[in-house]
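Reader: I am new to this structure. Could you walk me through some of the words used to describe it?

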Amino acid sequence: MSKLLLDLAERSAWTGAQAALGLAVVELADVPVWWAAPVALVLASAKSWVAGRLGRKGTASTLPASVDPATLARGV
């Protein structure tokens, strides 16, 4: 259950960070708010790139394999 909560927290944190950064960039650039969506999509792509290098292969997680819910448990 704790891995599920950790995964949920990670996904929520990334989504919140992408939205907040998108709005911050739009405000600082003094452009219309609708630009926040494309900025957030670029940030999502960057997160995927980071996850591909830091996280477990085949998942979108940036968590290490030891705490990633997508990692299969070994032995019982």
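Author: Gladly! Let us begin with exposure: buried means under 20% relative accessible area, exposed over 50%, and partly exposed in between (1.4 Å probe, protein chains only). This is a predicted model, where local features need pLDDT of at least 70, side-chain atom pairs count only at pLDDT 80 or more, and totals for chains, interfaces and linings use all residues. Residues are numbered from 1 along each chain as its sequence is written, and side-chain values use heavy atoms, without hydrogens and water.

Reader: Why is Trp34 called exposed?

Author: Its relative accessibility is 55%, and exposed means over 50%, so Trp34 counts as exposed.

Reader: What makes Trp35 partly exposed?

Author: The relative accessible area of Trp35 is 38%, which falls between the 20% and 50% limits. Val31, at 34%, also counts as partly exposed.

Reader: How many aromatic pairs are there in the whole structure?

Author: A search finds 1. Rings of Phe, Tyr and Trp (its six-membered ring) pair if their centres lie within 6.5 Å; planes under 30 degrees apart count as stacked, over 60 as edge-to-face and the rest as tilted. The ring centres of Trp34 and Trp35 are 4.6 Å apart and their planes meet at 25 degrees, so this pair is stacked.

Reader: Where does Val31 lie?

Author: Val31 sits in the loop between helix 1 (2–29) and helix 2 (36–54). Helices here are DSSP runs (H or I, at least four residues), numbered from the N terminus.

Reader: Which residues of helix 1 are buried?

Author: They are Asp7, Glu10, Gln18, Gly22 and Val26.

Definitions and conventions
Helix = DSSP H or I, 4+ residues; strand = E, 2+ residues; numbered from the N terminus.
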